[in-house]
Amino acid sequence: MGSTEDLDYPQIIVQYSNGFLISKVMFTACELGVFDLLLESGKPLSSDAIAAGLGASTMGMRRLLDACVGLKLLAVDMTQEGALYRNTEISNVYLTKSSPKSQYHIMMYYSNTVYLCWQYLADAVREGRNQYERAFGVSSKDPFGAMYRSDEEMLKFMAGQNSVWSICGRDVLAAFDLSPFRQIYDLGGGGGALAQECVSLYPNSTVTIYDLPEVVQVAKEQFVSPEERQITFHEGDFFNDSIPEAELYILSKILHDWDDEKCKQLLAKVYKACKPGGGVLLVESLLNEDKSGPVETQLYSMNMLVQTEGKERTAAEYSKLLEAAGFGVIQVKRTGKLYDAVLGRK
């Protein structure tokens, strides 16, 4: 670690201040279809051609493209005909809609939904509650009622979560050997991307996605083919309805939505339903024990403040919740990626 004299404090502040601008440049290029057009063209294009193809102004598009070059999301070749733009590898893999690892949907959810809540971060800090009422005029008392306030919003949220699991799902499912568990329930499994990764990694297992009836309907219509016979569905509200018996329960990004009391309530129900020798797999972004980082997880915890009733936690805090419900032999695996895994056994 260098001395304080080595740090360029004004530059750090400028970089932090520009964070919003940087993300909005990327989100806007995704929303307008810049990366998709360049992928489909199969060749570099001029700013005029891109603007014409996307129905945008030539002046505005040129500035957007140059900003994307500065962010290394695009590359530019200077030719006799002028500047020609092309995708970089990172944009082809993560920013085009057709890529299996596309993050397009989660970016659109952030741009059009999450950022609107973050406009009221100061209010969230003052009040200690989510900001759906200010951002969208809907009650903040039911976070998921607010998140699913329309069919369009539900689809955006589910598609966004599927995007996350397309790049993080295998890491958390491979953190422990889950092959002994044949009967798995994915509580709040949404669009089914994690369930799909699970049956791919553990072909002798079956996964039942347990979620609200309206979520299950969208998952069946949009995301999970009837031909995927290892994946089934169970409609219900796992806080208020019974939880069927299974060998393993997956709670991926579920507990971080709720306060400790709601987490204890849910985990107690899971423990009661769980077969002897079975377990529960928590998939969450873990804070360091002293909560000094990682910065991504600290920011996710701020997002939980503006959008939910929950927070991000340390491994010890999740272990304590599991122990309170009766689970033992608790193991923690940090994946080195965005999400980590905690396994508790009955």
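This is a predicted model: local features need pLDDT of at least 70, side-chain atom pairs count only at pLDDT 80 or more; totals for chains, interfaces and linings use all residues.
Me: Is V329 buried or exposed?

Reply: Buried means under 20% relative accessible area, exposed means over 50%, and partly exposed lies in between, with a 1.4 Å probe and protein chains only. V329 has a relative accessible area of 65%, and therefore this residue counts as exposed.

Me: What is the phi of K253?

Reply: Most residues other than glycine have a negative phi. K253 sits in the loop between β6 (246–252) and α14 (260–273), and it is buried, with a relative accessible area of 12%. Its phi is positive although the residue is not a glycine, with a value near 55°.

Me: How many disulfides does the structure hold?

Reply: A disulfide is a pair of cysteine sulfur atoms within 2.5 Å. The cysteine sulfur nearest to that of C198 belongs to C274 and is 15 Å away, and C198 is in no disulfide. C198 counts as buried at 1% relative accessibility, as C274 does at 2%. The number of disulfides in the structure is zero.

Me: Which backbone oxygen does the side chain of N130 reach?

Reply: N130 lies in the loop between α8 (121–127) and α9 (132–136), and it is buried, with a relative accessible area of 3%. From there its side chain reaches, at 2.9 Å, the backbone oxygen of S140.

Me: Which helix gives the largest share of the lining of the second largest pocket?

Reply: On a 1 Å grid over the protein atoms alone, a pocket is an open set of points where a 1.4 Å probe fits, with protein on both sides within 12 Å along at least five of seven lines, and its lining residues have an atom within 4 Å of a point. The second largest pocket has a lining that includes K97, H105, N162 and F223. Both α11 (151–173) and α12 (193–201) supply at least two residues of this lining, but the largest share, four residues, comes from α11.

Me: How far apart are the end C-alpha atoms of residues 118–327?

Reply: UniProt, in an unreviewed entry, places the feature "domain: O-methyltransferase C-terminal" at residues 118–327; such positions are given in the numbering used here, feature names are shortened, and annotations may be inferred rather than shown by experiment. Over these residues the chain is 47% helix and 16% strand, and the end C-alpha atoms are separated by 36 Å.

Me: What separates the C-alpha atoms of A75 and E40?

Reply: A75 lies in strand β1, residues 74–79, and counts as buried at 16% relative accessibility. A75 and E40 are 35 residues apart along the chain, and their C-alpha atoms are separated by 16 Å.

Key:
Residues are numbered from 1 along each chain as its sequence is written. Side-chain values use heavy atoms; hydrogens and water are left out. A polar contact is a pair of N or O atoms within 3.5 Å; within protein, one must be able to donate a hydrogen and the other to accept it, and residues adjacent in sequence count only if both atoms are side-chain atoms.
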